[in-house]
Amino acid sequence: MEQGTSLDIIRWIIAAPLAGAALNGLLGRRWNRRGERLIALVGCGSVAISFALSLAVVGRLLALPPEARLLVDHLYTWIEAGAFRAEVAFTLDPLSAVMLLVVTGVGLLIHIYSAGYMRGDGGFWRYFSYLNLFMFSMLVLVLGDNLLLLFVGWEGVGLCSYLLIGFWFEDPEKASAGKKAFVVNRVGDFGFLLGILLLFWSLSAAGHPTVSFAGIAEHVGLLADSAVSFTLPILGPQTWGVCTLIGLLLFVGAAGKSAQIPLYVWLPDAMAGPTPVSALIHAATMVTAGVYMIARMHFLYDLAPGALDVIAAIGAATAIFAASMGIAQTDIKKVLAYSTVSQLGYMFLACGVGAYTAAIFHLMTHAFFKGLLFLGSGSVIHGMGGEQDIRRMGGLAKLMPITTWTFLIATLAISGIPPFAGFFSKDEILHFAYQQSGALWAVGATAAFMTAFYMFRLFFLTFTGSCRADAKTKAHVHESPAVMWVPLAILAALSFLGGMIGWPRALGGAVVGGNHFHHFLEPVFGGQSGGHAGAYTAGAEAASHGPSEIALAAVSVGIALAGIALAWLIYSKARGVLPMVLAMKSRLFADVMRIVSDKYYVDELYELVIVRPIRVFSDVVLFRFVDVRVIDGLLVNGPAETVALLARGVISRLQTGVAQSYALAMTIGVVALIAYIALS
Amino acid sequence: MPMENLTTWITFLPLLGAAVVVLIPGRSENALRLTALAFATATFVLSARLWAGFDGGDGGFQFLDEARWIPQYGIAYSVGVDGISLFLVILTTFMVPVTLLAAWRDITMHVRAFLAAMLALETGMLGAFVSLNVFLFYIFWEAMLVPMYLIIGVWGGPRRIYAAVKFFLYTLIGSLLMLLAIIYLYILHHEQFGAWTFDLLRLYEVQVPLGEGWLGPQTLLFLAFGLAFAVKVPVWPFHTWLPDAHVEAPTAGSVILAAILLKMGTYGFLRFSLPLFPDATVQLVPWVFCLAIIGIIYGALVAMVQADVKKLVAYSSVSHLGFVMLGMFALNLQGVQGGLLQMVNHGLSTGALFILVGMIYERRHTRMIADFGGLSKSLPILAAFFLVVTFSSIGLPGLNGFIGEFLVLLGVFKVSPWSAALAATGVILAAVYMLWMVQRVFFGPCDREENKGLQDLSLRELAVLIAVVLPIVWIGVHPGTFTSKTGPAVAQLLQRVESKSAGGWRADGGQPDEARLSSREAAR
């Protein structure tokens, strides 16, 4: 590496959880019999080491002047073939520093929580081994210095997601959900891989073959005006900007990993995994990898406004579409799952309008409050002996006070109520969306209304009113032990305070010393020119923070309050009355609600249009007809049998199966050959 | 043992072992098995010395052994290894002892003959990889047919005779055309240089006339060699012998067939077709691409709907070998290196899959997916290994399969982005058929009485699987061990194709080395 300060402790941040995974994976089965303490210690301890080292390393980063904030740890050359080279090297810049702290910090809390949540499970050791392996992969993803190494982490987290969704593999639905997640992600990776290939060969043609982020950042400008022409089956001849095409291909991967339309279908099913896994992998970290990747590749996307427009549109569409499905779910985790899909849509919306800092800011606050929501739901499920249906909950506030209060903080945060963390990040996204297009803002604002509504629906149904569970469950309900509620409390504090580091100047940010988050990420995203990003960087600190931002913020707070009020009216105040009236009066309403709660039948559509036709075609046409009948029957055995019939005598003697005759035939052949050569 | 004649020692030590196994007195089957294993292991140890002593910077042949044989006809005993054959030799010497150990109790009938056949087969395969004289190559090529035929035909399943004869005839018909082509080349060399020789390096110098129109002599010769190789690979649509052979063969036969015998075909393309007939190669690239891509997608789709695990893995081989073909015919450094690596990867991962299927079969005496379910419960360690190998097979980064697939796609994308895109769908489909099978075999409730209480891995089985998983991880994490030794040989091969090709074709692997050197200098 030609730039950056070398620091070879970064590797130990990554190695610690790998060692933990290996120890628990190899020895955990034996330890499990003697109790879980050692397993939990190894599992949590390795992540604690990782977190402590991360703090130290980020401290070192902060000590450097802002423009020199780049730490590098180079290990060895991984793949080298011709001009292609991929290193095993890790880099830390402000962007990866944010990700690093979120991943190791939230990761550590969830590891600790898991020690309580998974107690008594026969696969306790397996669980921690997988979870540590996940941390390792996620850290490779975040710290890798090139696209291919990022892809290693990218697929590694996919593997761990597969293993953990199907953790209770004896349940066929859970095993199936794991496979579905992996396969849908593979569809995304297909695009991602082609994006890498196109990027590499395009840069190679421009004289700079590289896949390292630093190299791409330096040379991608050469591709600004390049275009590729090709012909598509239906659409005819096409000419695309190379950067746009690469950007879209990479985004296909992001849409898979971060559950965007049309590849979001795996994430709701992924709730089959243990709840802390949903918190860590399917809310706080892995699913945000697509957002991170696009922010990481912002120098490419800055040259691809067409790709950014698509990303913004898909993000906005996903935000509102998933929010609508969240409204009608009755499984506490499914509500949160659709909420995650929706919030990820916000992050892509931010990327799409060039507001990468806002995207990463929301990624971070979302990790706090959504991680907290999932852990809170886990606490509820744990307290209620496995119950997940909110129709059979209610009134838990008195029985589980800590869970209730922390859950409320997270719910306020996700709804966008100031000064909770989600307000700042969501407000910033909506602000930049508004600058780009009023329509994008309107979609985002509507989704925000729905978010406040379904989240408070969830809150009221779960924690207020009277308990609808059966007597046996009700008697059993209890607050979770300290090992579980302490992480809840810490995340609640972060959900409350975490947004303030990104306090916009327009709303009196000077009081807390300006927008620290923007300043920190400025060396990564700042100083670029052109397209969407220009609007962001130029306007971020000056013009855009005018009165319009205060007005927009006021509108979005109003929208959130309206959503809360509606939820309160329906599910708390006049509980049961309003929906009943609506349902009775209108068949249409009932039908619409059923379609929504059945998730618009998208899964069924995919099954009908893609999965089943391929399976039937492969079985009936390719295997039974082409392979067995045509190739083997007609072309292979057919002639063989004809020859056999014609020359029954000779062939049957040959087919006695005695090896000697073959050997003899061969010897004769060789002798004849030699004789022929000798005589000629 | 001496360092000189190392290649010869490696090649014939297994045959010596076969003779010893046949001749030693006594009835103890375990003594026979141990003897065979000792010889196979010794061969592997020798080949490790080959690897250690191999000069990675040299793209030519090393460890050459030559002896006069029938000089008046240009027939000589001439063997050696280069970067292309080195790892195939090591794969062979590695997989044979592993297979013997894995199938320790699988064969109980005519154990002596079985072990002798396995060791003789090893010599046949090694000989084909190291031969530098085409006549010698042909002898080894045909010789290995016989033990394999016997392994399927004698120790196989219920339809073993059908499968064995199909395997034999299929391969034999291909080989006969190759024999004709060899003789044609031999005569051509005499015409052009006035000497009779089967020496491969000298035959490389022959300019085979391109001829007029479509099917000139060079194209015909390419096709004659190509058919023999395509059957072995197997290239679609010459693949239907493979599922039958795999299903009927005993575990050891399946492992060797998948791990090594199939590589004879791809190796043949690389060693013979490309450098001997460069113009025909370049001319036929679109056709080969087409068949390879059909093979990748077709093999994957058909694998998906199989009810028998062994058949599923057999069709997955058709798909994987399509990747190898595609990479080789990309005719650039990345593609050929990737294809070569993928040969080794497929040998390890598919070999391991057949070993694992064999271990399950030994316990349950069935291979039908529908008979299983929830095996993770009763066989957790075996299931863990199965998962690792599955992810190696479907190209998870960090394991070996990814490196090969990625390099193949990298090379292919350079020459034909659409081909790379089509081939990459195979990566999606591989996840579908493998994970669906894993789900039905290992996950879900373990509700069949026969599947409960199965014995998990024994120490012997554990040793076998650890041995196979180690290189799977090693290649994935540090492929440089491999590519640093194969690179120069592949570059030399491509250069040979390029310089001989009349069409002014260039093997383009992206930027030349200057860019890399300058970046290295910058690092200092």
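1. A word on classes before we start: Ala, Val, Leu, Ile, Met, Phe, Trp, Tyr, Cys and Pro count as nonpolar, Asp, Glu, Lys and Arg as charged, and the others, Gly among them, as polar. By that scheme, the lining of the largest cavity divides into nine nonpolar, one polar and four charged residues. Please keep in mind that this is a predicted model.

2. That largest cavity has a volume of about 120 Å³. Its lining comprises 14 residues, and those nearest the centre are A:Phe151, A:Arg186, A:Leu193, B:Glu405 and B:Val427. At least two lining residues come from each of H5 and H6 of chain A and from each of helix H17 (400-415) and helix H18 (417-442) of chain B.

3. In total, the structure has seven cavities of 30 Å³ or more.

4. Now the interface, where 64 residues of chain A meet 79 residues of chain B. The two chains bury about 6600 Å² between them, with 74% of it on carbon and sulfur atoms.

5. On the side of chain A that touches chain B, H6(A) supplies the largest share, 17 residues. That side has 44 nonpolar, nine polar and 11 charged residues.

Technical notes:
Residues are numbered from 1 along each chain as its sequence is written. Chains are lettered from A and ligands numbered from 1 in the order in which they are written. This is a predicted model: local features need pLDDT of at least 70, side-chain atom pairs count only at pLDDT 80 or more; totals for chains, interfaces and linings use all residues. Side-chain values use heavy atoms; hydrogens and water are left out. Contact means heavy atoms within 4.5 Å. Buried area is the accessible area (1.4 Å probe) that two parts lose on being put together, summed over both. Helices (H or I, at least four residues) and strands (E, at least two) are DSSP runs, numbered from the N terminus. On a 1 Å grid over the protein atoms alone, a cavity is a set of points where a 1.4 Å probe fits but cannot get out, and a pocket is an open set with protein on both sides within 12 Å along at least five of seven lines; lining residues have an atom within 4 Å of a point. Grid points are joined across faces, edges and corners, and a volume is the space filled by probe spheres set on the points.
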